[in-house]
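Hello,

Here is the structure I said I would pass on. My notes on what was found in it follow below.

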Amino acid sequence: MINNISEDIVNKLLEDIKTDKIQKIVLGAVILIENNSPLLLKRTQNDFMGGLVELPSGTLEPQEDMIMGLIREVKEETGLDIKSIDFFIGSFDYLSSSGKKTRQINFKVTTYEKNIKLSEEHDNYFIYSINSKEYENLNISSKTKNIVEKAILLNNK
């Protein structure tokens, strides 16, 4: 696995988390599958934020480093193995189901295979161009859309 994320970037992210008194860290992955179309997952209705369409993402475990957490979460949520972590995209904050101040840190990643196997937290996945009507009709937050659009922009440079 190729990791293009420097230790300096990770240290700055962790420093900002302490400064901003973030209580929970979530790691998100933008995986571009076909013609720069992102892989998006739909949360099951009975889960926190049920029905929301999101990036493959999940909580960083205690004593786990950011890169290992990202690899684990992508595998757990999609069944995909990361080939490379290409670049840091950006982050956004929200309140978790337990009311914790949460920061989702997002990376652009490339995977080996395209055979998606969803976790129990998700009941569907989508791979739509961000310029399509289907993408526009998804129940996706503006924060997630911004991350996806930034990832595509940076990926095309």
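Strand S2, residues 24-34, is mostly covered, with nine of its 11 residues buried. Please keep in mind that this is a predicted model.

S2 pairs with several other strands. With strand S7 (residues 101-111) S2 runs parallel, and eight bridges join the two. Within that pairing, Ile25 has Arg103 of S7 as its bridge partner. Strand S5 (residues 57-59) pairs with S2 in the antiparallel sense over three bridges, and there Gly28 stands opposite Ser57. S2 and S3 make a hairpin with two residues between them, and in the turn Asn35 has a positive phi of about 50 degrees.

Aromatic pairs

A search of the whole structure gives three aromatic pairs. One of them is Phe88 with Phe107, edge-to-face, at 5.8 Å centre to centre and 65 degrees between the planes. This pair links distant parts of the chain: Phe88 lies in strand S6 (residues 82-95) and Phe107 in S7, 19 residues apart. Phe88 is partly exposed because its relative accessible area is 26%, whereas Phe107, at 0% relative accessibility, counts as buried.

Another pair is Phe92 with Tyr94, which is tilted, at 6.2 Å centre to centre and 40 degrees between the planes. Phe92 has a relative accessibility of 12%, so Phe92 counts as buried. Tyr94, at 24%, counts as partly exposed.

Regards

Key:
Residues are numbered from 1 along each chain as its sequence is written. This is a predicted model: local features need pLDDT of at least 70, side-chain atom pairs count only at pLDDT 80 or more; totals for chains, interfaces and linings use all residues. Side-chain values use heavy atoms; hydrogens and water are left out. Buried means under 20% relative accessible area, exposed over 50%, partly exposed in between (1.4 Å probe, protein chains only). Helices (H or I, at least four residues) and strands (E, at least two) are DSSP runs, numbered from the N terminus. Two strands pair if DSSP finds at least two bridges between them. Rings of Phe, Tyr and Trp (its six-membered ring) pair if their centres lie within 6.5 Å; planes under 30 degrees apart count as stacked, over 60 as edge-to-face and the rest as tilted.
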